[in-house]
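The structure is shown first.

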Amino acid sequence: MYNKYFIGDNLQLLKKLVQENYKFQLIYLDPPYNTGRDFNDFNDKFEDIKVYAHNFLKPRFEIMKQLLTPNGVIVVHIEPKISHYVRIVMDEV
């Protein structure tokens, strides 16, 4: 169960990992940055960043917390202009 790399709809994948009792020491997350750019298959623009943080990120953080080992960490790679919103949500979780 070491060094696995998962790709897929992250919310569904996270739920499946909880059901299968996976545990991780490290979860690295690279969520959308709100760049305002349209990447054809993904529009990286959110009208209200607070809503994005609470409605999109918070449910994922809550599930990730369940997946951590007691000494596990979550690393979030995010654009500095919205990092404080992410920090608030992570502190809530």
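## Helix packing and core

Helices α1 and α2 pack at an angle of about 30°, with their axes 10 Å apart; axes are lines fitted to C-alpha atoms, for helices over the stretch in contact, and angles run from 0 to 180 degrees between N-to-C directions. That angle makes α1 roughly parallel to α2, given that angles under 35 degrees count as roughly parallel, over 145 as roughly antiparallel, 65 to 115 as roughly perpendicular and the rest as oblique. The model is predicted: local features need pLDDT of at least 70, side-chain atom pairs count only at pLDDT 80 or more, and totals for chains, interfaces and linings use all residues. Residues are numbered from 1 along each chain as its sequence is written, and side-chain values use heavy atoms, with hydrogens and water left out.

The crossing of α1 and α2 is left-handed (the near helix is turned anticlockwise from the far one by less than a right angle; clockwise would be right-handed). On the α1 side, N10, L11, L14, K15, L17 and V18 meet R60, I63, M64, Q66 and L67 of α2, where contact means heavy atoms within 4.5 Å. These residues divide into seven nonpolar, two polar and two charged; Ala, Val, Leu, Ile, Met, Phe, Trp, Tyr, Cys and Pro count as nonpolar, Asp, Glu, Lys and Arg as charged, and the others, Gly among them, as polar.

Two residues of this contact can be followed individually. I63, in helix α2, counts as buried because its relative accessibility is 11%; buried means under 20% relative accessible area, exposed over 50%, and partly exposed in between (1.4 Å probe, protein chains only). Leaving aside residues up to four places away in sequence, I63 touches L11, L14, K15 and V18. L11 lies in helix α1 and is buried, with a relative accessible area of 17%. With the same exclusion of neighbours within four places, L11 is in contact with R60 and I63.

| Pair | Separation in sequence | C-alpha to C-alpha distance |
|---|---|---|
| L11 and I63 | 52 residues | 8.3 Å |
| I63 and M90 | 27 residues | 12 Å |

The axes of α2 and α3 come within 9 Å and cross at roughly 40°, which makes α2 oblique to α3. This crossing is right-handed. The contact is made by I49, K50, A53, H54, L57, K58 and F61 of α2 and by Y85, V86, V89, M90 and E92 of α3. By class, it has eight nonpolar, one polar and three charged residues.

The largest nonpolar core has 20 residues, and those with the most contacts inside it are F24, I27, F61, M64 and L67. Such a core is a set of buried Ala, Val, Leu, Ile, Met, Phe, Trp, Tyr and Cys residues joined through side-chain atoms within 4.5 Å. Two or more residues each come from α1 (10-19), β1 (24-29), α2 (49-67) and α3 (83-92), and α2 gives the most, with eight. Residues up to four places away aside, I27 touches M64, L67, L68, V73, I74 and V75.

For the chain as a whole, the elements run α-β-β-β-α-β-α from the N terminus on; helices (H or I, at least four residues) and strands (E, at least two) are DSSP runs, numbered from the N terminus. Buried residues make up 28% of the 93 residues.
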